[in-house]
Amino acid sequence: MIPAQSVYRGTFLSDAVAGLVVFLVALPLCLGVALASNAPLFSGILAGIVGGIVVGLLSGSHTSVSGPAAGLTAIVAAQIALLGSFDTFLLAVVIAGVIQIGMGIARAGILSAFFPTSVIKGLLAAIGAILILKQIPHLLGRDTDPEGEMSFVQPDHENTFSEFGELLGGIHPGAAAIGLASFALLMFWDRCRPLKKSVVPSALVVVLLGVGLSQLFHLIGGALLIEGNHLVQVPVSENLAGFFGFLRLPDFSQWSNPAVYTAGLTIAIVATLETLLNLEAVDKLDPQQRESPASRELVAQGIGNLIVGLIGGIPVTSVIVRSSVNINAGGKTRLAAVIHGMLLVVCVMFLPTVLNLIPLSCLAAILLATGIKLISPQLIREMWREGRYQFVPFIVTLVSIVLTDLVIGVTIGLAVSIAFILNSNLRRPLRRIVEKHLGDEVLRIELASQVSFLNRAALERALRSAPRGTHILLDAHNTDYIDPDILSLIREFKEQTAPVLGVQVSLRGFRDRYHLHDEIQFVDYSTRDLQDKLSSTQVLQILREGNERFRTGRQLTRDLSRQVLVTAPGQHPLAVVLSCIDSRTPAELLFDLGLGDIFSIRMAGNVTSSKVLGSMEYGCAVAGAKLILVMGHTRCGAVTAAVELACTHNNAELATGCQHLQPIVEDIQQSIEAATCDRVRSANPTEKNAVVDQVARRNVEREMARIVEESDTIRWLVEANRVAVVGAMYDVATGEIEFFEGPHRN
């Protein structure tokens with residue numbers, strides 16, 4: 001049912017206007033598709049009526065318009081010839097409708113989700129190119145081929161491009177004048193804001209202009225006279241009974257003919273493919289980006305084909321040309337499709353002679369303008385920027401459809417797209433990353449999201465090429481599917497091949513259904529043995545490398561839950577880090593470390609005190625840490641407050657209102673030199689930040705010296721070359737840490 005509320009939302013007028021425009025365009029297309037299919041002309045009109053009213057009412061799509069499909073012309077013509085009569089062909093259409101209904105009930109519409117975006121956009125661009133190429137001859141009055149014929153090879157034995165060579169001898173002056181004037185009016189209308197926003201559709205004005213000029217040329221006569229195949233040619237009945245006489249029933253006596261069922265299956269498959277493709281394409285054109293229920297659309301199309309088969313029409317599908325015209329004309333809901341179908345009924349029944357006054361060239365102008373919008377240069381530039389994996393399938397689809405037809409062209413585009421996907425998987429089924437953990441280097445092999453049997457050779461080569469003594473981590477954390485062949489390879493390598501080759505294999509992230517459980521065999525946390533064998537220089541290098549990983553986004557893979565368990569019995573951190581409480585300076589993240597790797601002390605302004613020194617003494621003398629790192633940072637709030645209070649007396653409330661903060665500020669102020677205040681008072685904000693950063697660095701150097709001077713224990717450890725004291729400055733803007741050594745270094 002059409003939602004009644006859409007009328008109250010102000011869409012009725014826009015849908016009515018769009019329905020009128022689609023009707024004007026669809027009329028010659030219905031006739032042209034029927035003519036190109038070697039079917040009775042009226043069968044195309046019936047398909048347009050049923051596609052508009054029946055499918056429009058049942059469809060869940062807001063903007064799709066159905067009718068006789070140009071992509072089916074070759075199949076329809078071939079099946080009519082094969083079955084021997086049009087009436088027998090109608091029975092095949094009925095069968096096709098039943099098959100489509102079954103496919104919709106079986107949720108076969110989900111197949112639309114597997115059409116690559118590059119192919120869908122290639123389809124849209126190709127339809128735009130075909131409209132331009134096919135409508136230019138009609139615009140200039142060369143109407144040797146039926147309107148709506150979209151295949152590369154034409155009924156007059158010309159092709160899309162060779163037709164242009166025949167234009168010089170086939171231009172009709174009167175039709176060309178109307179076509180060019182109509183196209184100029186459309187372009188002007190689209191660029192004139194008052195006209196573009198008016199309720200009067202430009203297509204209707206173009207049709208009225210075409211009819212008026214045609215009648216004027218009729219009075220003038222001569223070469224400008226327009227008649228015959230240059231006008232719309234709707235079958236005319238003398239009365240209502242004559243109209244219903246155009247209806248035809250299928251030949252049910254052929255129900256036992258196997259060829260009928262083969263034809264029905266062929267029509268159902270091709271019509272379904274074309275509908276799903278067009279539906280995806282139309283949804284991308286929809287300004288509101290609404291999603292159409294594909295399976296419901298198949299049921300609606302099936303019912304539509306069942307009905308057209310019973311009354312004498314040719315098959316219907318969702319049609320991109322009508323749908324794009326509908327969207328460009330401002331159609332908001334499926335009411336526009338229904339109105340277009342009702343107009344076909346009323347006008348064909350009661351006004352056929354009036355319709356036959358419309359020149360084809362003015363309708364060609366409307367389609368030409370639609371084609372220009374579909375193949376915009378912006379779309380081509382967008383696809384080019386997305387890279388070859390998107391652009392090549394897009395351009396191949398576009399060219400293939402133009403040079404063949406919709407079904408063949410899309411099939412070629414899909415094949416190319418699939419080839420690119422397979423090539424991508426064959427070349428990059430996995431990612432090899434060498435990670436330097438605390439214990440040793442680990443070769444992490446990260447599996448792709450989909451790992452098929454096609455990736456077996458690449459994975460086996462990666463596993464077997466690992467040198468003896470290597471530790472391999474197979475990471476399936478981001479993998480959705482793994483082929484049984486790959487699982488068999490992993491089990492065989494881990495249990496049989498790896499021990500022989502001297503390789504250890506750890507597993508991570510495999511789903512429960514694969515029966516490969518997480519098993520980490522390498523050490524990725526600090527242990528007593530590791531702590532004992534490392535020097536302070538080596539610990540400092542670990543911190544340097546960790547910051548480089550953090551800065552470049554290459555953090556190590558860690559199982560923190562496992563680290564909670566393995567560090568529960570005891571801890572053996574490698575370093576003590578004194579840093580600021582600033583929320584931007586968490587030491588474990590900045591150095592890409594795990595649980596149990598460092599002692600972290602955080603104080604505003606990274607200043608020391610007796611309690612801080614006590615914590616450091618415990619970390620080094622009792623727990624065995626090899627390095628003390630004092631880390632300041634740029635744009636430090638505590639240092640800034642200390643400088644402002646000392647030099648400009650700003651933030652004076654710190655000295656009075658926060659009595660426990662005052663000792664920290666006074667400690668930092670001991671790193672402020674006399675010349676610093678002179679620079680602060682005359683500095684702009686940028687220069688002031690630089691001065692504050694210099695004070696922060698001097699503060700780090702001062703705290704390094706205090707640690708050694710005020711703690712006899714730490715001084716003894718430094719002199720015994722068991723511990724080193726190092727300073728660092730972290731840049732909050734870049735993530736980079738600058739290390740600098742103090743006078744006490746082993």
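How much space lies in the second largest cavity? The second largest cavity holds about 90 Å³ of space, and the legends below place it beside other features of this predicted model. Residues are numbered from 1 along each chain as its sequence is written, and side-chain values use heavy atoms, with hydrogens and water left out. Because the model is predicted, local features need pLDDT of at least 70 and side-chain atom pairs count only at pLDDT 80 or more, whereas totals for chains, interfaces and linings use all residues.

**Figure 1. Lining of the second largest cavity.** A cavity is a set of points, on a 1 Å grid over the protein atoms alone, where a 1.4 Å probe fits but cannot get out; lining residues have an atom within 4 Å of a point. Volumes are the space filled by probe spheres set on the points, with grid points joined across faces, edges and corners. The second largest cavity is lined by Lys134, Pro137, His138, Arg142, Asp145, Pro146, Glu147, Gly148, Glu149, Gln154 and Glu163. H6 gives the most to this lining, with 3 residues; helices (H or I, at least four residues) are DSSP runs numbered from the N terminus. By class, the lining has 2 nonpolar, 3 polar and 6 charged residues, where Ala, Val, Leu, Ile, Met, Phe, Trp, Tyr, Cys and Pro count as nonpolar, Asp, Glu, Lys and Arg as charged, and the others, Gly among them, as polar.

**Figure 2. The largest cavity and its lining.** A search of the whole structure finds 4 cavities of 30 Å³ or more. The largest cavity has a volume of about 210 Å³. Its lining comprises 22 residues, of which Ala70, Gly71, Ile127, Met150 and Val321 lie nearest the centre. Two or more lining residues come from each of helix H2 (12–36), helix H6 (117–139), helix H12 (258–285) and helix H14 (320–328). The lining of the largest cavity divides into 15 nonpolar, 4 polar and 3 charged residues.

**Figure 3. The largest pocket.** A pocket is an open set of points with protein on both sides within 12 Å along at least five of seven lines. The largest pocket has a volume of about 590 Å³. It is lined by 26 residues, and Pro201, Ser202, Asn328, Ala329 and Gly330 lie nearest its centre. The elements that give two or more residues to this lining are H2, helix H8 (173–191), helix H9 (193–197), helix H10 (202–220), H14 and helix H17 (360–374). Its residues divide into 16 nonpolar, 6 polar and 4 charged.

**Figure 4. The second largest pocket.** The volume of the second largest pocket is about 460 Å³. Of its 21 lining residues, Lys284, Leu285, Asp286, Ile327 and Lys373 are the closest to the centre. H6, H12, H14, H17 and helix H18 (377–385) each give two or more residues to the lining. By class, the lining of this pocket has 6 nonpolar, 8 polar and 7 charged residues.

**Figure 5. Packing of H12 and H14.** The axes of H12 and H14 come within 10 Å and cross at roughly 15 degrees. Axes are lines fitted to C-alpha atoms, for helices over the stretch in contact, and angles run from 0 to 180 degrees between N-to-C directions. H12 and H14 are therefore roughly parallel to each other; angles under 35 degrees count as roughly parallel, over 145 as roughly antiparallel, 65 to 115 as roughly perpendicular and the rest as oblique. H12 passes H14 in a right-handed crossing, a crossing being right-handed if the near helix is turned clockwise from the far one by less than a right angle, and left-handed if anticlockwise. Asn278, Ala281, Val282 and Leu285 in H12 meet Ile320, Ser323, Ser324 and Ile327 in H14, contact meaning heavy atoms within 4.5 Å. This contact has 5 nonpolar, 3 polar and no charged residues.

**Figure 6. Packing of H2 and H10.** The axes of H2 and H10 come within 8 Å, with a crossing angle of roughly 45 degrees. The two helices are therefore oblique to each other, and their crossing is left-handed. Leu20, Val21 and Leu24 of H2 make the contact with Ala203, Leu204 and Val207 of H10. The contact residues divide into 6 nonpolar, no polar and no charged.
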